[in-house]
Amino acid sequence: MHSGQLKKGQALFMRFYIACMNDAGRRSANQDSLFYAVAECPEGNCFCAAVCDGMGGMSRGGDAGSAAVRLIDRWFLGEYPQLRRKRS
């Protein structure tokens, strides 16, 4: 059963195992960032994951990926649960 077959009020429960590996390759540092979290929502726990790419070896290129991850973190753990509560 996929989520399109769920009726209102039903939930699909899944277990996640998360692993991360990075490789800077020929660069001196890896500029990619990873985010994953679980937020409590009215229908149960919601999961979000994101991989944000850096700026290809540019000066401070890792700031792009880490800034994106911070924004996703703040939205998902702060605003998203509130939005879900308003909709339920």
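Me: Helices (H or I, at least four residues) and strands (E, at least two) are DSSP runs, numbered from the N terminus. Which strand is Tyr 36 found in?

Reply: Quick ground rules: this is a predicted model, where local features need pLDDT of at least 70, side-chain atom pairs count only at pLDDT 80 or more, and totals for chains, interfaces and linings use all residues. Residues are numbered from 1 along each chain as its sequence is written, and side-chain values use heavy atoms, leaving out hydrogens and water. As for Tyr 36, its strand is β1.

Me: Is Tyr 36 buried, partly exposed or exposed?

Reply: Buried means under 20% relative accessible area, exposed over 50%, and partly exposed in between (Shrake-Rupley, 1.4 Å probe, protein chains only). Tyr 36 comes out at 47% relative accessibility, so it counts as partly exposed.

Me: Which strand gives the largest share of the nonpolar patch?

Reply: A patch joins nonpolar side chains within 5 Å, each with over 30% relative accessible area and no salt bridge (Lys or Arg nitrogen within 4 Å of an Asp or Glu carboxyl oxygen). Here about 800 Å² is made by Met 14, Phe 16, Ile 18, Leu 34, Tyr 36, Val 38, Phe 47 and Val 51. Both β1 (33-41) and β2 (44-52) supply at least two residues of the patch. The largest share, three residues, comes from β1.

Me: How many aromatic pairs are there?

Reply: Rings of Phe, Tyr and Trp (its six-membered ring) pair if their centres lie within 6.5 Å; planes under 30 degrees apart are stacked, over 60 edge-to-face, the rest tilted. By that rule, the aromatic pairs number four.

Me: What geometry does the Phe 35 and Phe 76 pair have?

Reply: The centres sit 6.4 Å apart and the planes make 80°, an edge-to-face pair. It links distant parts of the chain, 41 residues apart: Phe 35 in β1 and Phe 76 in helix α1 (residues 62-87). Both Phe 35 and Phe 76 are buried. In a word, the geometry is edge-to-face.

Me: Why does the Trp 75 and Tyr 80 pair get its class?

Reply: Their ring centres are 5.2 Å apart and the planes meet at 50°, so the pair is tilted. Trp 75 is partly exposed at 34% relative accessible area, and Tyr 80 is partly exposed at 21%. Ring pairs link Phe 35, Trp 75, Phe 76 and Tyr 80 into a cluster.

Me: How far apart in space are Gln 31 and Gly 62?

Reply: Gln 31 lies in the segment before β1 and, at 16% relative accessibility, counts as buried. Gln 31 and Gly 62 are 31 residues apart in sequence, yet C-alpha to C-alpha the distance is 4.0 Å.

Conventions. Patches are made of residues with over 30% relative accessible area and no salt bridge: like charges are joined within 9 Å, nonpolar side chains (Val, Leu, Ile, Met, Phe, Trp, Tyr) within 5 Å.
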